[in-house]
Amino acid sequence: MEVQKEVEIILTRQLASYLATPAFLVDPRGTLLFYNEPAEVLLGQRFEETGELSVEAWGTRFEPTGADGVPLPVESLPLVMALRTRHPAHGEFWITSADGQRRHLLLTAMPLAGQAGRFLGALALLWEGPGK
Amino acid sequence: MKVRLWGTRGSLATPGPETARYGGNTVCVEVRSGDGEHVLVLDAGTGVRNLGRTIPGTTRRVDVLLSHLHMDHIQGLGFFAPFYVPGLEVHVWGPPSPSESLRSRLGRYMSPPLFPVRLRDLPCRLTVHEVPCVNERIGPFSVDSSLVCHPGPTVGFRIAEEGRAVTYLPDHEPALGLRGPLLRGGWTTGTRLARETDLLIHDGQYTERQYASRVGWGHSTFARAVEFAELVEARQMVLFHHDPDHDDATLEGIVAQLLRDTSPSMPVCAGYEGQTFVL
């Protein structure tokens with residue numbers, strides 16, 4: 001039987017679905033819960049096609065690298081750092097989107113604390129950077 | 001388990017001949033155990049005054065479960081007779097805010113200048129419990145609650161006894177921000193509480209036209225309420241939290257049209273004061 005998400009997460013998804021800013025939502029374990037249409041453009045893949053993904057899966061699927069092309073370990077990605085430290089994290093990196101495009105991304109991740117201080121995951125907002 | 005509606009109106013009490021059938025008191029529901037010994041009071045709108053007068057003096061414990069602290073859900077608290085019975089064990093359950101305890105929040109209303117009697121001066125033995133709670137035992141009942149989509153901390157309740165369940169979602173906007181059908185896969189609030197419930201008491205305040213200008217106010221349209229009941233496979237639904245602008249004739253017309261338009265797979269009706277369900 002499907003497990004109902006927390007109301008704060010449901011409302012965050014609703015918010016993200018209205019934003020023109022690309023947004024990426026994960027649970028406390030890093031499992032991808034949702035990304036919005038603007039993020040689909042950056043990632044080159046619709047959310048309906050990926051569904052929920054583990055942190056290991058999404059952390060490697062898009063082959064994140066530094067500016068020098070050296071692959072970045074999953075634990076160094078700002079979204080993963082925000083989950084681990086429960087503090088905001090910001091960073092930039094390059095990915096190869098599902099449609100083969102190389103993209104420079106800037107990402108700010110915010111941990112989400114719900115009612116009674118429950119840790120619910122994190123929301124990442126992305127911008128496409130100028131790098132090629 | 002017996003469920004009785006003592007107040008069905010949302011937002012504001014609307015007494016008068018034009019609301020005599022469905023009632024003008026704001027929300028309050030009684031859940032009585034099968035043996036008649038235990039009473040749960042769901043919300044304390046103005047309907048709680050009449051309910052409080054029926055609780056016998058020999059009662060040893062009363063539990064009041066508050067979904068949230070908007071006025072239409074707590075305005076009757078100060079007129080709830082058990083509060084004034086010395087030594088009676090009264091338990092109030094409800095949500096805190098992120099920065100203020102439930103007792104402190106209740107004290108904002110139960111204190112001057114809004115009310116002459118302070119919470120701490122009540123002669124009953126008052127205990128305040130914060131929710132959400134999971135599988136809490138209150139007498140013979142198993143009580144489950146979780147936060148739902150509505151402005152400010154708001155919970156719904158599922159109360160079960162001997163394999164039968166009533167789910168209480170008086171203020172619930174399950175379709176906030178949605179452009180299509182209610183989301184499956186755990187993305188609609190209230191579904192955990194309402195799954196296959198025997199009786200769903202659900203917000204049904206707005207017509208589609210009203211809702212268009214009241215998105216985010218925390219309430220459901222009639223059609224979304226039926227859609228939600230279908231989603232959770234409820235066995236019966238009572239539309240609740242009637243809009244103050246819906247007099248008896250208007251409400252009857254709306255519900256008749258709703259039933260024609262949606263052909264729900266379970267019995268659906270508009271709740272009225274005094275309506276009783278035996279589960």
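Biologist: Over the face of which ring does B:Arg21 lie?

Modeller: In this predicted model, B:Arg21 lies over the face of B:Tyr22, at 5.0 Å from the ring centre. For an Arg, a charge sits over a ring if CZ is within 6 Å of the ring centre and within 35 degrees of the ring normal.

Biologist: Over which ring does the charged end of A:Arg13 sit?

Modeller: The charged end of A:Arg13 sits over the ring of B:Trp187, and the distance to the ring centre is 4.6 Å.

Biologist: How many aromatic pairs are there over all chains?

Modeller: Rings pair if their centres lie within 6.5 Å. By this rule the count over all chains is 9 aromatic pairs.

Biologist: Why is the pair of A:Phe24 and A:Tyr35 stacked?

Modeller: Planes under 30 degrees apart count as stacked. The planes of A:Phe24 and A:Tyr35 stand at 5 degrees, with ring centres 5.8 Å apart, so this pair is stacked. The pair links distant parts of the chain, 11 residues apart: A:Phe24 belongs to strand S1 (residues 23-26) of chain A and A:Tyr35 to strand S2 (residues 32-35) of chain A.

Biologist: Are A:Phe24 and A:Tyr35 buried or exposed?

Modeller: Both A:Phe24 and A:Tyr35 are buried. One aromatic cluster is formed by A:Phe24, A:Phe34, A:Tyr35, A:Phe47 and A:Trp58.

Biologist: What aromatic pair do B:Phe80 and B:Phe83 form?

Modeller: Planes over 60 degrees apart count as edge-to-face. B:Phe80 and B:Phe83 form an edge-to-face pair, with 80 degrees between the planes and 5.8 Å centre to centre. Buried means under 20% relative accessible area; B:Phe80, at 0% relative accessibility, therefore counts as buried, and B:Phe83 is buried with a relative accessible area of 1%.

Methods:
Residues are numbered from 1 along each chain as its sequence is written. Chains are lettered from A and ligands numbered from 1 in the order in which they are written. This is a predicted model: local features need pLDDT of at least 70, side-chain atom pairs count only at pLDDT 80 or more; totals for chains, interfaces and linings use all residues. Side-chain values use heavy atoms; hydrogens and water are left out. Rings of Phe, Tyr and Trp (its six-membered ring) pair if their centres lie within 6.5 Å; planes under 30 degrees apart count as stacked, over 60 as edge-to-face and the rest as tilted. Helices (H or I, at least four residues) and strands (E, at least two) are DSSP runs, numbered from the N terminus. Buried means under 20% relative accessible area, exposed over 50%, partly exposed in between (1.4 Å probe, protein chains only).
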